[in-house]
Amino acid sequence: TKQPLSEPFYSAQIQVGNRGLISPSLDLTGPLTADGRLRYRLNALVRREESFRDLDNSFNRSFIAPTLAWDISDRTDLTVSLEYIEDNDPADFGLVAIGDGVADIPLDRVLNNPDDTIAKEYLSAGYTLEHRFSDNWRLRNEFRYVADDFAYGTIAIPAFFDEASGFLTRLLSTQSNERDNYSLYTNIHGRFNTGSIEHNLLFGVDLSREDEILGGRGAISPQLNPEFFSTIDIFAPDYPLTTPDIDDAPVTFIRDTTADRLGIYLQDQIYLLDNLIVLA
């Protein structure tokens, strides 16, 4: 995210590279009113890139971040901003070790399933309001809402490996997380003197709430859930054509939490001498 500029500025670029990388982006900013008191900025990007592994899906990202800045008066400013990111990526759990080194298989080999995916979404929105009572005293108030979610599809997680035979057992699983955070910050900052001693004072209050739901389903053991386990030969993998419905798998964990926080702080930076500062 970037802050709006008072002078118009327009930029467009495109990046290309190996593995099918293509990424166009925009950066636009300038005033929305003749007096320049209301300004905007818009950043946006789309990116696609294939993995170096032999996966079915590519890495995909969409990003947009608009920002508005308003000089309400000579002493009061308001900035409103939003940032949104969406990722749709393949899931990759790496290779396995044999002895003290990595197994002698091609680096592009997939040991989970080639069509395993993970989706992520991130949203941040809020404002910053600042009022300057004088050259020495100011009040700042900020609010921010953040939603940060991810969801694994039905993925085959490498679980047990037999070095002698080269057979790798994978268990099917899924996992999702939804997290919402609300934060409110208010502080007063001021400079003043008591006699010849200068003070730099900061006082503030923070409030926040975070709600999170995290859960997953998956196989527990080959004896209890054999249908949610599969085995491949890492030297000649034969991936299953179909997977069972993960909704039929048992719930392995679930967590639903709410956390409230209150913070109060008072700080005084006291300049006793040119070379002696006390921070209380």
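These legends describe close-up views of a predicted model. Local features need pLDDT of at least 70, side-chain atom pairs count only at pLDDT 80 or more, and totals for chains, interfaces and linings use all residues. Residues are numbered from 1 along each chain as its sequence is written, and side-chain values use heavy atoms, without hydrogens or water.

**View A. A nonpolar surface patch of about 590 Å².** Leu184, Phe203, Leu207, Leu262, Ile264 and Leu266 make the patch. Areas come from the Shrake-Rupley method with a 1.4 Å probe. Strands S12 (197-218) and S14 (251-273) each give two or more residues; strands are DSSP E runs of at least two residues. S14 gives the most, with three. Phe203 is found in S12. Phe203 is partly exposed at 36% relative accessible area (buried is under 20%, exposed over 50%, partly exposed in between).

**View B. The largest nonpolar core, with eight residues.** Its members are Ala156, Leu171, Leu172, Ala219, Phe228, Phe229, Ile246 and Ala249. A core joins buried nonpolar residues through side-chain atoms within 4.5 Å. Another core, of seven residues, lies apart from it and includes Ala103, Leu168, Ile232 and Ile234.

**View C. Asn141 in strand S9 (residues 137-152).** Asn141 counts as buried, at 17% relative accessibility.

Terms used
Patches are made of residues with over 30% relative accessible area and no salt bridge: like charges are joined within 9 Å, nonpolar side chains (Val, Leu, Ile, Met, Phe, Trp, Tyr) within 5 Å. A salt bridge is a side-chain nitrogen of Lys or Arg within 4 Å of a carboxyl oxygen of Asp or Glu. Helices (H or I, at least four residues) and strands (E, at least two) are DSSP runs, numbered from the N terminus. Buried means under 20% relative accessible area, exposed over 50%, partly exposed in between (1.4 Å probe, protein chains only).
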